[in-house]
Amino acid sequence: MATINEIGVAAAINIVTSIAFLIAFAILRIQPVNDRVYFPKWYLKGLRTSSIQTGGFGSKFINLDIRSYVRFLNWMPEALKMPEPELVDHAGLDSVVYLRIYLLGLKIFFPIACVAFTTMVPVNWTNKGLDGLKHTNISYSDIDKLSLSNIPNGSDRFWVHLCMAYAITFWTCFMLKREYQNIALMRLQFLANDERRPNQFTVLVRNIPVDPHESICELVEHFFKVNHPDHYLTFQAVHDATKLSELVQTRKQMQNLLDYNINKHMRTLSKRPVIKMGFLGCCGEEVDGIKYYTSMVESLTREITEEKHRLRTGTKSIVPAAFVSFKSRWGAAVCAQTQQTRDPTEWITEWAAEPCDIYYDNLALPYVDLKIRRIIVAVAYFFLTFFFMIPIAFVQSLANIEGIEKNFPFLKPLIEVKFFKSIIQGFLPGIALKIFLMLLPRILMQMSKFEGFISTSSLERRAASRFYMFQFINVFLGSIVTGTAFQQLNSFLNQSVSDIAKTIGVSIPIKATFFVTYIMVDGWAGVAGEILRLKPLIIYHLKNSFLVRTEKDREEATDPGTIGFNTGEPQIQLYFLLGLVYAAVSPILLPFIILFFALAYVVYRHQVINVYNQKYESAGKFWPDVHRRVVTALIVSQLLLMGLLSTKGAHKSTPLLLVLPVLTIGFHMHCKCRYQSAFVTYSLKEAMIKDTLERTREPNLNLKAFFRNAYAHPEFRVGENLDLEMAMEKPDKLPELVATKRGSWRNTSLPSKHI
């Protein structure tokens with residue numbers, strides 16, 4: 001069990017590490033050679049040019065301006081200067097809403113911490129409940145006297161914790177409701193003011209039934225001309241373009257090599273570049289590099305053209321899904337939010353995501369396969385979650401003095417040194433858990449892809465949901481249960497069943513010291529490490545030194561990254577859970593959590609402005625998930641407090657605490673009914689207003705040209721001459737009769753007059 005001194009050592013290590021990361025970042029960011037690493041977003045927007053191209057030889061790589069080193073910390077106020085509306089225009093609403101999660105944490109926990117340290121901490125400290133356990137085997141330290149464990153069983157002072165639970169519940173619900181309302185208004189305002197996008201007019205249709213008389217394309221056109229005659233405009237078939245993707249990628253590599261050889265020849269005009277055709281270009285016949293790569297590019301271009309022609313004219317590559325575009329947002333809203341046929345498993349419609357958000361590999365999956373895949377993933381996730389607790393328990397048992405001395409007895413003399421003992425108790429458990437969770441997000445993302453989600457945003461939301469549940473079970477519950485079991489094992493073996501329940505009631509608050517070390521490692525040092533971008537920095541310079549041949553290569557070597565909703569948001573939710581659970585039990589966590597939210601807000605605001613390049617824009621569609629998880633954490637905190645007080649002999653508090661989960665669930669249902677529709681549906685009134693304004697401003701708008709190839713596979717858009725195709729586009733005329741090849745007319749009772 002970590003003592004105050006050991007937590008102080010851990011805090012000192014993490015504070016020094018965080019400050020070192022921040023100072024290193026502040027110095028590295030002003031070096032011209034690192035400009036593309038720390039300001040990639042401005043390069044992508046075309047608002048910044050490389051500072052390496054100007055100045056003398058030394059100034060191309062190292063900043064020689066002494067004044068800039070004096071102001072090396074000015075990135076902090078600069079990160080807070082940009083107003084929120086301007087930040088929405090610069091980075092998108094998703095990034096702004098994500099940053100507001102950190103602000104929500106500060107708004108919730110700062111007032112709670114002030115009240116807790118002025119009321120509960122004195123009450124906990126002035127009792128002597130833990131002093132009565134000195135004759136037992138239960139381990140504790142002076143810092144645990146700040147928790148609920150220090151109050152004797154049956155004490156009248158538990159009414160303070162009861163009142164605190166009500167205050168936490170009402171304040172958290174108030175802030176959640178206000179934030180939900182603000183985010184919903186921001187989303188509606190963003191959608192109303194947003195520029196015209198293809199996804200506003202487009203619906204994704206899946207599970208198109210097979211018809212023996214018509215192809216997929218003919219069937220889609222016939223269905224929507226018949227059932228949406230006044231609003232249907234066009235459609236884009238979905239192709240299996242695996243081979244085309246491989247050809248385009250190969251041509252891209254050959255083009256880069258051709259550019260490199262041309263640039264090499266321009267530097268030495270007297271000598272043409274030569275390459276060897278043998279193994280890895282180290283041996284074999286020598287050929288002219290420019291001629292060879294030119295022939296390769298031309299050959300691949302012809303193959304790409306032929307493959308595109310085959311995909312467009314053939315029917316075998318078309319999958320039973322299509323992107324259907326309408327003449328108005330109103331028509332798209334009606335189609336996306338209604339059932340198309342009596343069979344709910346056919347002609348399934350939903351709003352199409354942005355073209356850059358589509359995950360094309362999953363569009364062809366049949367409806368039945370999706371159900372089977374999700375059952376398989378659910379079973380796999382169950383086993384992953386619960387079997388992962390075994391290595392976590394093992395690592396946690398090693399990450400303390402007793403575990404190390406038992407498994408590695410030769411280290412006992414070193415461990416007994418006070419300094420190393422403090423590091424092990426205050427630092428090692430948190431870093432061990434952090435390392436064990438590093439590979440998990442990739443596994444969960446692959447599981448989400450296997451489930452069949454068809455957009456990157458939905459993949460990230462699903463992976464985030466599973467990551468949060470995993471952390472709740474393994475990091476939170478697992479650390480409490482396994483930590484309690486390993487630390488109090490000897491005590492449990494010599495106690496009765498009734499005494500074990502009391503021991504758990506004492507041990508869970510004591511476990512707060514472990515989470516303090518975890519917050520310092522993951523929250524403080526982790527956030528400071530995020531802004532340093534050490535991994536992208538090393539990779540960029542390695543690529544720039546050995547792989548970059550052209551300016552295009554240099555641009556591609558820069559990895560701006562994204563917010564990483566699937567990993568970042570579950571981590572934030574873990575801090576919400578810890579803060580709400582321990583606010584009324586052991587408030588010592590709250591200052592560490594508040595410092596995390598404050599530091600993370602500044603750091604990620606800087607990253608959103610200067611670094612991250614968000615791949616899609618969902619207009620804050622993930623906020624209902626954020627709200628639901630905070631509400632879940634609040635309910636968990638209420639139930640755990642109820643259990644703790646019952647083990648402490650405060651049975652009269654149970655009926656009063658039982659009211660809180662009921663009120664919280666009712667509050668969640670109210671918010672869901674009141675605000676969630678803004679994130680799920682698009683009202684017909686809003687759609688009509690936007691359509692009317694657009695028709696008034698642009699009466700001659702050619703929407704069909706606007707949708708041309710918008711949802712085609714990305715490889716179809718490589719090298720396309722869209723202007724020429726648009727110029728040749730003929731006006732679209734809706735026929736009075738819809739031609740069909742289907743034979744269903746033969747089953748009608750009366751002959752048709754049109755045949």
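Residues are numbered from 1 along each chain as its sequence is written, and side-chain values use heavy atoms, with hydrogens and water left out. In this predicted model, local features need pLDDT of at least 70 and side-chain atom pairs count only at pLDDT 80 or more, while totals for chains, interfaces and linings use all residues.

**Exercise 1. Describe how helix H8 packs with helix H28, and state which residues make the contact.**

Step 1. Locate the helices, which like strands are DSSP runs numbered from the N terminus (helices are H or I with at least four residues, strands E with at least two): H8 covers residues 158–193 and H28 covers residues 623–647.

Step 2. Take the geometry, in which axes are lines fitted to C-alpha atoms, for helices over the stretch in contact, and angles run from 0 to 180 degrees between N-to-C directions. The angle is about 175° and the axes lie 11 Å apart.

Step 3. Classify the angle (under 35 degrees is roughly parallel, over 145 roughly antiparallel, 65 to 115 roughly perpendicular and the rest oblique); H8 and H28 are therefore roughly antiparallel to each other.

Step 4. Find the contact, meaning heavy atoms within 4.5 Å: H8 contributes residues including Phe158, Ala165, Ile168 and Ile183, and H28 contributes residues including Trp623, Leu634 and Leu645.

Step 5. Sort by class, where Ala, Val, Leu, Ile, Met, Phe, Trp, Tyr, Cys and Pro count as nonpolar, Asp, Glu, Lys and Arg as charged, and the others, Gly among them, as polar. This contact has 14 nonpolar, five polar and one charged residues.

**Exercise 2. Carry out the analysis for H12 and H31.**

Step 1. Helix H31 spans residues 684–697, and its packing angle with H12 is about 155°, with the axes 8 Å apart; H12 and H31 are therefore roughly antiparallel to each other.

Step 2. Arg329, Trp330, Ala333 and Val334 of H12 touch Leu684, Ala687, Met688, Lys690, Asp691 and Glu694 of H31, and by class this contact has six nonpolar, no polar and four charged residues.

**Exercise 3. Describe the second largest cavity and its lining.**

Step 1. On a 1 Å grid over the protein atoms alone, a cavity is a set of points where a 1.4 Å probe fits but cannot get out, and lining residues have an atom within 4 Å of a point.

Step 2. H8, helix H26 (565–583) and H28 each supply at least two lining residues, and the largest share, four residues, comes from H28.

Step 3. By class, the lining divides into seven nonpolar, three polar and no charged residues.

**Exercise 4. Asn207 and Asn709: buried, partly exposed or exposed?**

Step 1. Asn207 lies in the loop between strand S1 (202–206) and helix H9 (216–227), and its phi is near 55°, a positive value in a residue other than glycine.

Step 2. Asn709 is found in the loop between helix H32 (703–707) and helix H33 (722–727), and its phi, near 60°, is also positive.

Step 3. Apply the cut-offs (buried is under 20% relative accessible area, exposed over 50%, partly exposed in between, with a 1.4 Å probe and protein chains only). Asn207 is partly exposed at 23%, whereas Asn709 is buried at 9%.

Methods: On a 1 Å grid over the protein atoms alone, a cavity is a set of points where a 1.4 Å probe fits but cannot get out, and a pocket is an open set with protein on both sides within 12 Å along at least five of seven lines; lining residues have an atom within 4 Å of a point. Grid points are joined across faces, edges and corners, and a volume is the space filled by probe spheres set on the points.
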